[in-house]
Each structure stands twice: as C-alpha cells, then as structure tokens.
Amino acid sequence: MPPLPVSASAPAPSPEQGPPGDHHIASWRVRAPWLAAIAFALVPVVFTAGASTAAQLSGASEAGAALTLAAGAAVSAILGLVVMRLSPPRVRDYGFRRPRRARAALWFVPAAATVLIIPSQGIRVDAPTIAAYGVLVVAVALNEETWFRAIVFAILRARSTRTAVVGSSVLFGVLHLANLAGGADVGSSILQVAFAALFGFVAAQLLVLTGSLWPAIAWHATWNFVSFIGGDSTDDRSLIGLGAACVVMLGYAVFLGRRTSSRPDGAATIDAPALP
C-alpha cells in the first residue's frame with residue numbers, strides 16, 4: 001500500500017526535531033486523517049481474515065491453523081513496517097525503541113497483574129499447539145501494535161494526542177467485531193470489543209508516556225498466550241477474572257491519564273507528582 005499524500009498545509013515541527021532526550025512520538029499529517037486511519041486499521045483485519053479462511057479451507061489442525069494465522073499476521077506486520085519506512089517520520093519515532101519513564105508507568109506492574117489474575121484453567125492444549133500459539137501471539141502483537149498504536153496513532157496524532165489515544169482505541173475495539181465472521185457469538189464479540197477498546201486505551205497511553213511500543217507488544221502477546229493455552233474459555237470463572245482484569249486496567253488508565261498530557265507533541269507532563 002503506497003503512503004498517503006502528505007497534506008499541503010504547513011506541517012507541524014517534525015517529532016525528531018525535539019530537544020535531545022525527548023521521546024517525541026511520530027505524527028503523520030495526511031489528507032482526510034480519519035479516512036486514512038480507518039483504511040490502515042482495516043489492513044490487519046483483512047490479513048487475519050484471509051489467513052483464517054485459508055486455515056479453515058485447508059482443514060488444518062489447531063496447531064496448523066495457529067501457524068497459518070501467524071504467517072498472515074507476520075506478512076501484515078512487515079507491510080506495516082514498509083509503510084512506516086516510506087512515511088515522513090522515522091521508524092523509531094513510531095515507538096520501536098527502548099521504553100523510558102518506566103517508573104512513571106509503575107514499572108508496568110498493573111499491566112502484568114491483569115495477566116496474572118486470569119483464573120488458571122490449566123493447560124488445555126498439547127505441546128506442539130503451545131509452541132504454535134507462542135509464534136502466533138508474537139506475530140499478532142507485533143502486527144496489531146504496528147498498525148493501531150503506531151501508524152493509526154501517528155495519523156490521528158496530527159490532530160491531537162487525545163484524539164490519537166481515543167480514536168485508535170475505539171477503532172481497535174470496533175474492528176474486533178470481525179470475530180463474528182469467524183463464528184463467535186454476539187455476546188462474546190461485544191464483550192471482546194469493550195475489552196479490546198480498554199486495552200487499546202491503556203496501550204496508547206503507555207506509548208505516550210514511555211515513547212515505546214515494546215511494553216504494549218509484550219503485554220499483548222502475554223495476555224493472548226495465557227488465554228489461548230487455557231482454552232480461551234468463557235465460563236463464569238473466566239468472566240470473573242476478565243472483569244477483575246478490566247477493573248485493574250480502568251484504574252491504570254486513570255493513573256496514566258494523569259501522568260500524560262494532550263499537548264501536540266505528546267510528551268509526558270512535567271508537573272506530575274513523583275512516585276514514592
């Protein structure tokens with residue numbers, strides 16, 4: 001997919017022109033930013049749907065289907081990196097760099113806690129399937145974070161950081177309705193939309209605060225892995241665990257919101273109180 005044309009209006013100062021040490025985040029000015037954001041957000045959905053269809057038509061085993069999905073996600077992620085490379089911002093400014101201000105993000109402990117409080121259902125898949133899921137979750141996390149928290153975020157951030165945080169998370173949530181096409185029931189799909197939007201909101205805030213995609217990528221992959229090897233069930237115990245994880249995420253979102261600003265440069269606030 002070729003990069004969208006850069007807006008003819010005077011661009012904002014390039015993120016890479018900030019003072020040394022600032023973790024400025026990519027901002028990409030394009031014509032019709034919302035249309036561009038929606039179009040780019042559909043790319044990983046299309047690749048996932050195509051890989052899922054291929055797995056179903058081939059009659060692959062659970063492990064084979066996971067690897068097929070992983071291949072589709074990997075190709076999509078590579079395409080995303082190409083789009084970044086061809087766009088005005090540098091790839092590292094999209095978030096592919098070491099995170100900063102980890103202490104201000106509570107060392108990412110709340111994110112890890114959401115995974116730990118998932119009630120253990122035991123490992124319900126065999127060793128080859130576990131390995132296949134390990135590959136799948138890494139590919140999916142890289143793919144979705146590349147498109148939603150990097151490219152879509154950068155396009156919407158040209159309007160404001162708050163627009164980027166909210167807009168990218170809403171798109172991330174709504175596009176999980178694609179699971180309906182895979183046979184998921186309506187109730188589970190709606191629940192996943194709400195959860196995905198909340199997850200995306202926190203992940204976007206972590207990007208703003210730390211200037212890095214890696215915390216969200218690690219969190220994303222770990223959450224999916226624990227869910228998959230446990231059978232991805234939706235019984236009462238799992239729903240209680242999911243509800244508890246959402247409460248932690250909501251509290252974390254409020255905390256991170258107070259540590260970050262909606263300034264055009266997306267930098268963390270400098271007047272936030274120091275952590276103990």
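Select Asp-93 and Arg-97: their side chains form a salt bridge, with 3.1 Å from N to O. The model is a predicted one, and the distances quoted on this tour are computed from it. Both Asp-93 and Arg-97 are buried. For Asp-93 the relative accessibility is 2%.

Is Arg-90 buried or partly exposed? Its relative accessibility is 39%, so Arg-90 counts as partly exposed; the cut-off for buried is under 20%. With Arg-90, Asp-93 and Arg-97 displayed together, you have a network of salt bridges.

The structure holds three salt bridges. For another one, move to helix α4 (residues 127–157) and select Glu-145 and Arg-149. The side chains of this pair meet at 2.8 Å, N to O. Why are the two separated by about one helical turn? Arg-149 and Glu-145 are four residues apart in helix α4, which accounts for that separation. Arg-149 has 0% relative accessibility and is therefore buried. Glu-145 is likewise at 0% relative accessibility and counts as buried.

The charged end of Arg-149 sits over the ring of Phe-172, at 4.2 Å from the ring centre.

Phe-172 leads on to the aromatic rings. Select Phe-148, Phe-172, Phe-199 and Trp-219: ring pairs link these residues into a cluster. How many aromatic pairs are there, counting rings whose centres lie within 6.5 Å? The count comes to eight aromatic pairs. One of them is formed by Phe-199 and Trp-219, with 4.2 Å centre to centre and 35 degrees between the planes, and it is tilted. Phe-199 belongs to helix α6 (residues 186–210) and Trp-219 to helix α7 (residues 214–229), so this pair ties together parts that are 20 residues apart in sequence. Phe-199 is buried, at 4% relative accessibility. Trp-219 is buried too, with a relative accessible area of 5%.

Return to Phe-172 and this time show its backbone oxygen. A polar atom of the His-176 side chain lies 2.6 Å from that oxygen. Where is His-176 found? His-176 is in the loop between α5 (161–174) and α6. At 15% relative accessibility, His-176 counts as buried.

The last stop is Asn-224, in helix α7. Its relative accessibility is 17%, and Asn-224 therefore counts as buried. Which residues is Asn-224 in contact with, leaving aside its neighbours within four places in sequence? They are Val-137 and Val-140. To finish, draw a distance between the C-alpha atoms of Asn-224 and Val-137.

Notes
Residues are numbered from 1 along each chain as its sequence is written. This is a predicted model: local features need pLDDT of at least 70, side-chain atom pairs count only at pLDDT 80 or more; totals for chains, interfaces and linings use all residues. Side-chain values use heavy atoms; hydrogens and water are left out. Rings of Phe, Tyr and Trp (its six-membered ring) pair if their centres lie within 6.5 Å; planes under 30 degrees apart count as stacked, over 60 as edge-to-face and the rest as tilted. Buried means under 20% relative accessible area, exposed over 50%, partly exposed in between (1.4 Å probe, protein chains only). A charge sits over a ring if NZ of Lys or CZ of Arg is within 6 Å of the ring centre and within 35 degrees of the ring normal. Contact means heavy atoms within 4.5 Å. A polar contact is a pair of N or O atoms within 3.5 Å; within protein, one must be able to donate a hydrogen and the other to accept it, and residues adjacent in sequence count only if both atoms are side-chain atoms. A salt bridge is a side-chain nitrogen of Lys or Arg within 4 Å of a carboxyl oxygen of Asp or Glu.
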